[in-house]
Amino acid sequence: MTGGTGTTGEADATSEAAATAAGANGGPVGVALVGAGAISDAYLRNLTAFPDIRVLGVADLDVARAAAKAQEHGVPMSGDVGTVLAIPEVEIVVNLTIPAAHAAVATAALRAGKHVYGEKPLTLDPEEGEKLLAEAAERGLRVGNAPDTFLGAGLQSAKRALAAGLIGTPVAATAVMQSPGPESWHPNPEFLYQRGAGPLFDIGPYYLTALVAMLGPLCQVAATARQARPHRVIGSGPKGGTRFAVEVPTHVMALLDFTGGASASSTFSFDSPAHITMIEIIGTEGMLSLPDPNTFAGPLRVRGAGDKEWRELPVEGTSAGRGLGVLDMARALRGNVPHRASGALALHVLEAMNAIALSAEHGEFRRLSTTAREPDPLPAAWDPREATLT
Ligand SMILES: NC(=O)c1ccc[n+]([C@@H]2O[C@H](COP(=O)([O-])OP(=O)(O)OC[C@H]3O[C@@H](n4cnc5c(N)ncnc54)[C@H](O)[C@@H]3O)[C@@H](O)[C@H]2O)c1
């Protein structure tokens, strides 16, 4: 299993099939990006700075946009999706398209013999996600998926603190993400208010993945949801001032039960004038306050039973940012070991989000059928800027 035990039987990284898949040769791993939009700069900046990765192509439906990004970041090729899938040295396709295109682009990459790492959510719904993982397994190829923020110094240090028993046995958690929504800064925010997004599917993956990474898989959820306004207005870019329809709930509150016995309450909202983010875990011996799981660094704080104040804990590890999951997958490919930001983990989180949406609609607890194992911790000295593949 590549980092999980999902029901779909994702490609076994140790299998002979995986070993003979694209990428069994040595040296840095060839990567192409599909989707040259708002988030592509963060990936291109980082991936082009990691010596174990070679970014060989950028593709987009808008080939001029792909060409501009390629030029800006010194990437040798650009064009439509077919152009970058045809580059023989590309082993991993990084899928940065909008959620509605995730499944089709990922499937095309698999059919071209490439491993695929995608932005969140994995696909629009769990059925699409299961099909994708099943096809990858059949072809002996890997699926990886964002978020990879749980590989950052902040959340990895939290994981180490929990494993060391700093707060005893985890009992309950609170997760809150409230904001006014992304339409003030994102020049094309319509997709963020359509199926596959909204605060639950757009921001929920960071919180739910962090919680699963800390507390293990979920077994059931219950939720309620609201929508403050049926329209929003684009706040920046050439379409600034344009009104568009909101197609999903924008304030979602969910109760989460974990297989291991802990539980959590969570809020995901684009209806709040203030930005509020928190994840806190209560244990039998204390309480841990985690960093914003949409970031890679600290702060990480602890409070013991008798403490009147929080105490800051040192964080150790990398804060290099988006693309760590791609790099971990590239190194795991060469080392023939499971990667951490796995398709199975993303499918479990997607099933949880889908179950939350269905619970809010039907007013009942929903049990989950998938599971995922907690990703292995990353060694504190893991350095993305080290050349390990020669
Ligand atoms: N913007 C952010 O801050 C941010 C942060 C984290 C994750 N993400 C995720 O990254 C993904 C992309 O978000 P974005 O904000 O960059 O979106 P965007 O709309 O700015 O860019 C998406 C790009 O994908 C291209 N595209 C769409 N369908 C395609 C297809 N079938 N083939 C090729 N190209 C296609 C579009 O032309 C566009 O250039 C989403 O899954 C989102 O959830 C975004």
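I count two strands as paired if DSSP finds at least two bridges between them. Helices (H or I, at least four residues) and strands (E, at least two) are DSSP runs, numbered from the N terminus.

My ground rules: this is a predicted model, where local features need pLDDT of at least 70, side-chain atom pairs count only at pLDDT 80 or more, and totals for chains, interfaces and linings use all residues. Residues are numbered from 1 along each chain as its sequence is written, and side-chain values use heavy atoms, with hydrogens and water left out.

**The sheet.** I traced an open sheet of nine strands with mixed pairing, in the order β16-β15-β14-β13-β7-β12-β11-β8-β17. Its edge strands, β16 (311-313) and β17 (366-367), each pair on one side only. At the β17 end, I found β8 (residues 218-226) joined to β17 in the antiparallel sense over two bridges; Q220 has R367 as its bridge partner there.

I then looked up S266, which sits in β12 (residues 263-269). Is S266 buried or exposed? It is buried (under 20% relative accessible area; exposed is over 50%, partly exposed in between, with a 1.4 Å probe and protein chains only), at 3%. Leaving out residues up to four places away in sequence, S266 touches A175, V252, M253, A254 and L256, contact being heavy atoms within 4.5 Å.

**The core.** A nonpolar core is a set of buried Ala, Val, Leu, Ile, Met, Phe, Trp, Tyr and Cys residues joined through side-chain atoms within 4.5 Å. The largest one has 108 residues, and L47, V94, L256 and L288 have the most contacts inside it.
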